[in-house]
Amino acid sequence: MSTVLKKILLVEDDIILGETIQELLESESYEVIWAKDGQEALDHTFGDNFDLLLLDVNIPFINGFELLNDLRQSGDITPAIFLTANTDIDSLKKGFDVGADDYIKKPFNFDEFIIRIEAVLQRSFKSYSNYLEYGDLKYDIKKQLLTKDDKVIHLTPTESKILEHLLQNIDKIITFSELTSNTSGDFEVKIGVLRVQISKLKKLGFNITNIRQTGYRLGRL
């Protein structure tokens, strides 16, 4: 059974380092889209959704600070880590001021690099484990894999994204538009498809409540 891999946008203009990072991440079962300048990275964010941004600071056209600031201003809350040779306090402060979740100084240890990536992804789920448990259901954060009694439950990529959004915001109301942002079709078609997907998740054991004319809420068990 195939799994939906975590998708990372890597923004790095150093070809050798970029290739090394991409190979490392893919060996750790991440899907990597590699952009070599800020404009290319911005274009990718318009057409795709990512689980993590890895941003060099000194990149052509739009630097990493400006890129992340633009994304945050547009409402993009994708977790982000800066990879940079800038070691001064002002750069560190600026990185966090524009919305970074972590800041890794070059050169870095690759084992530490992977540990930091996993930690940021876990925090986005308000978890300190690689897994989230919901009753007898278990969700692998890194692999986006749902299991029950160690048996894999197949979810489509869209269903996985919906479940992740609910798990990241447990007990909070998530609007229809938020849950359908990654799907095509007019709004009525999207809502119809969403109802089917939510119904499937309910049957699996997720306590999802329909909030009339607003959206859905995943409650704790």
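**Figure 1. Lysine side chains over aromatic rings.** The charged end of lysine 36 lies over the ring of tryptophan 34, 4.0 Å from the ring centre. A charge sits over a ring if NZ of Lys or CZ of Arg is within 6 Å of the ring centre and within 35 degrees of the ring normal. Lysine 138 is placed over the face of tyrosine 131, at 4.4 Å from the ring centre. The model is predicted: local features need pLDDT of at least 70 and side-chain atom pairs count only at pLDDT 80 or more, while totals for chains, interfaces and linings use all residues. Residues are numbered from 1 along each chain as its sequence is written, and side-chain values use heavy atoms, with hydrogens and water left out.

**Figure 2. The aromatic pair of phenylalanine 125 and tyrosine 139.** The whole structure contains 8 aromatic pairs. Rings of Phe, Tyr and Trp (its six-membered ring) pair if their centres lie within 6.5 Å; planes under 30 degrees apart count as stacked, over 60 as edge-to-face and the rest as tilted. Phenylalanine 125 and tyrosine 139 make a tilted pair, with 6.3 Å from centre to centre and 40 degrees between the planes. Because phenylalanine 125 is in the loop between α5 (110-124) and β6 (131-134) and tyrosine 139 is in strand β7 (residues 137-140), the pair ties together parts 14 residues apart in sequence. Helices (H or I, at least four residues) and strands (E, at least two) are DSSP runs, numbered from the N terminus. Phenylalanine 125 is buried at 4% relative accessibility, and tyrosine 139 is buried at 2%. Buried means under 20% relative accessible area, exposed over 50%, and partly exposed in between (1.4 Å probe, protein chains only).

**Figure 3. The aromatic pair of phenylalanine 176 and tyrosine 216.** The ring centres are 5.7 Å apart and the planes stand at 80 degrees, so the pair is edge-to-face. Phenylalanine 176 belongs to helix α7 (residues 176-179) and tyrosine 216 to strand β12 (residues 215-218), so the pair ties together parts that are 40 residues apart in sequence. Both phenylalanine 176 and tyrosine 216 are buried. Elsewhere, ring pairs join Phe65, Phe82, Phe96 and Tyr103 into a cluster.

Figure 4. Threonine 147 has a relative accessible area of 13% and is buried. Leaving aside neighbours within four places in sequence, threonine 147 is in contact (heavy atoms within 4.5 Å) with Asp136, Leu137, Lys138, Val152 and Ile153.

Figure 5. In one of them, the closest N and O atoms of lysine 106 and glutamate 12 are 2.8 Å apart. Glutamate 12 is buried, at 1% relative accessibility. Glutamate 28 and lysine 142 form another salt bridge, the closest N and O atoms being 3.5 Å apart. Glutamate 28 is in the loop between α1 and β2 (31-35) and lysine 142 in the loop between β7 and β8, 114 residues apart. Glutamate 28 is partly exposed at 28% relative accessibility, whereas lysine 142 is buried at 17%.

**Figure 6. The salt bridge of glutamate 159 and lysine 200.** The N to O distance is 3.0 Å. Glutamate 159 lies in helix α6 (residues 157-168) and lysine 200 in helix α8 (residues 187-204), 41 residues apart. Glutamate 159 is buried at 8% relative accessibility, while lysine 200 is partly exposed at 28%. Separately, salt bridges that share partners join Lys6, Asp51, Lys161 and Glu164 into one network.

**Figure 7. The largest nonpolar core.** A nonpolar core is a set of buried Ala, Val, Leu, Ile, Met, Phe, Trp, Tyr and Cys residues joined through side-chain atoms within 4.5 Å. Of the 25 residues in the largest core, those touching the most other members are Leu146, Leu163, Leu166, Leu167, Leu201, Phe206 and Ile208. Two or more residues come from each of β6, β7, α6, α7, α8 and β12, and α8 gives the largest share, 5 residues. Leaving aside neighbours within four places in sequence, leucine 201 is in contact with Leu155, Ile162, Leu163, Leu166, Phe206 and Ile208.

Definitions and conventions:
Salt bridge = Lys/Arg side-chain N within 4 Å of Asp/Glu carboxyl O.
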